[in-house]
Amino acid sequence: MKNEIIEWIKTIILSLVIALIITTFVKPTIVKNYSMSPTLQENDFLIINRFLYKRSAPKRGDIVVFQSSLKTDNGKDKLLIKRVIAVPGDEIIIKEGQVYVNGTMLEEDYISETYTEGDIDIIVPENKIFVMGDNRGNSLDSRDEILGLVDFDVIMGKAFVRLFPFNKIGLLK
């Protein structure tokens, strides 16, 4: 009986340690809108790598989850998910429906529209990124002053795996 109790205690402690490690480095999240369509759909279940940006900066093309200054219905900071378009030091220009980073027009095979609304010409400052949703016509992103550029310190992590729906399980690009 005593050995069985010790085994149960070991199992519980090991389970708690594993749970702590998992929640420290990854975070599950559910997509709540269509701003990243067609890449992500509402109710997609994603895993976020929380550890990656503690060791390196976000890169162009990463899909990131971050806390915004926008509020949910219950008053909490709203989490947003967007694609990194420009990183510190990049010049981003949006004109005549096209997106240019450092003078080169972006090849964006992940968006469904061919026209990107906006008139932007900025150089992204240190510790900030410029983000946009893949559904350019229905995305509140860095093009809008309400959101603007995103600070590194509000980025929760990189969305890297979709677990649901099951027919779309896999790494995100």
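## Briefing on a predicted single-chain model

Arg83 is buried, with a relative accessible area of 1%. This residue belongs to a predicted model, whose chain contains 2 helices and 12 strands. Buried residues make up 35% of the 173 residues in the chain. The points below begin with the chain as a whole and then turn to particular residues and strands.

**The chain as a whole**

- Read from the N terminus, the elements follow the order α-β-β-α-β-β-β-β-β-β-β-β-β-β.
- Along the principal axes, the C-alpha atoms occupy a box of roughly 75 × 35 × 35 Å.
- The accessible surface of the chain amounts to about 10700 Å², and carbon and sulfur atoms supply 57% of that area.
- Of the contacts between residues at least 6 apart in sequence, 56% join residues at least 24 apart.

**Salt bridges**

- Arg83 and Asp134 form a salt bridge through their side chains, with an N to O distance of 2.7 Å. Asp134 is in the loop between β9 and β10, while Arg83 is in strand β4 (residues 77-86), so this pair ties together parts that are 51 residues apart in sequence.
- Asp134 has a relative accessible area of 0% and is therefore buried.
- Lys128 and Asp151 form a salt bridge through their side chains, at 2.3 Å from N to O. This pair links distant parts of the chain, since Lys128 is in strand β9 and Asp151 is in strand β10, 23 residues apart.
- Lys128 is partly exposed at 23% relative accessibility, and Asp151 is partly exposed at 30%.
- Lys10 forms a salt bridge with Glu7, and their closest N and O atoms are 3.6 Å apart. Lys10 and Glu7 are 3 residues apart in helix α1, which means that about one helical turn separates them.
- Glu7 has a relative accessible area of 45%, so this residue counts as partly exposed.

- A nonpolar patch on the surface is formed by Met1, Ile5, Ile9, Ile13, Val17, Ile21, Phe25 and Phe51. Together, these residues have about 770 Å² of accessible area.
- Ile13, one of the residues in this patch, is located in helix α1 (residues 2-25).
- The relative accessible area of Ile13 is 49%, and the residue is therefore partly exposed. The cut-off for an exposed residue is over 50%.

**The open sheet of four strands**

- An open sheet is built from 4 strands in the order β7-β6-β5-β8, with antiparallel pairing. Strands β7 (104-105) and β8 (120-123) stand at the edges; each has a single partner strand, so one side of each has no neighbour in the sheet.
- β8 pairs with strand β5 (residues 91-95) in the antiparallel sense, over 4 bridges. Within this part of the model, Glu91 stands opposite Ile123 in β8.
- In a regular strand, side chains alternate between the two faces of the sheet.

**Strands β1, β2 and β11**

- β1 and β2 are antiparallel partners joined over 5 bridges, and Lys27 stands opposite Ile48 in β2.
- β2 also pairs in the antiparallel sense with strand β11 (residues 155-164), over 5 bridges. Here the bridge partner of Asn49 is Lys158 in β11.
- Asp44 is found in the loop between β1 (26-30) and β2 (45-49). With a relative accessible area of 2%, Asp44 is buried.
- Beyond its neighbours within four places in sequence, Asp44 is in contact with residues including Thr29, Ile30, Val31 and Thr39. Arg162, Phe164 and Pro165 are also among its contacts.

**Ser142 in a loop**

- Ser142 is located in the loop between β9 (128-132) and β10 (150-151).
- Its relative accessibility is 8%, so Ser142 counts as buried. The cut-off for a buried residue is under 20%.
- A polar atom of the Ser142 side chain lies 2.8 Å from the backbone oxygen of Gly148.
- When neighbours within four places in sequence are left aside, Ser142 is in contact with Ile129, Phe130, Val131, Leu147, Gly148, Leu149 and Val150.

Notes: Residues numbered from 1 in each chain as written. Predicted model: local features only at pLDDT ≥ 70, side-chain atom pairs only at ≥ 80, totals over all residues. Heavy atoms only, no water. Buried < 20%, exposed > 50% of the residue type's maximum accessible area, 1.4 Å probe, protein only. Polar contact = N/O pair within 3.5 Å; in protein donor to acceptor, adjacent residues only side chain to side chain. Contact = heavy atoms within 4.5 Å. Patch = residues over 30% accessible without salt bridge, like charges linked within 9 Å, V, L, I, M, F, W, Y side chains within 5 Å. Areas by Shrake-Rupley, 256 points an atom, 1.4 Å probe, with all protein chains shown as cover. Salt bridge = Lys/Arg side-chain N within 4 Å of Asp/Glu carboxyl O. Pairing = 2+ DSSP bridges.
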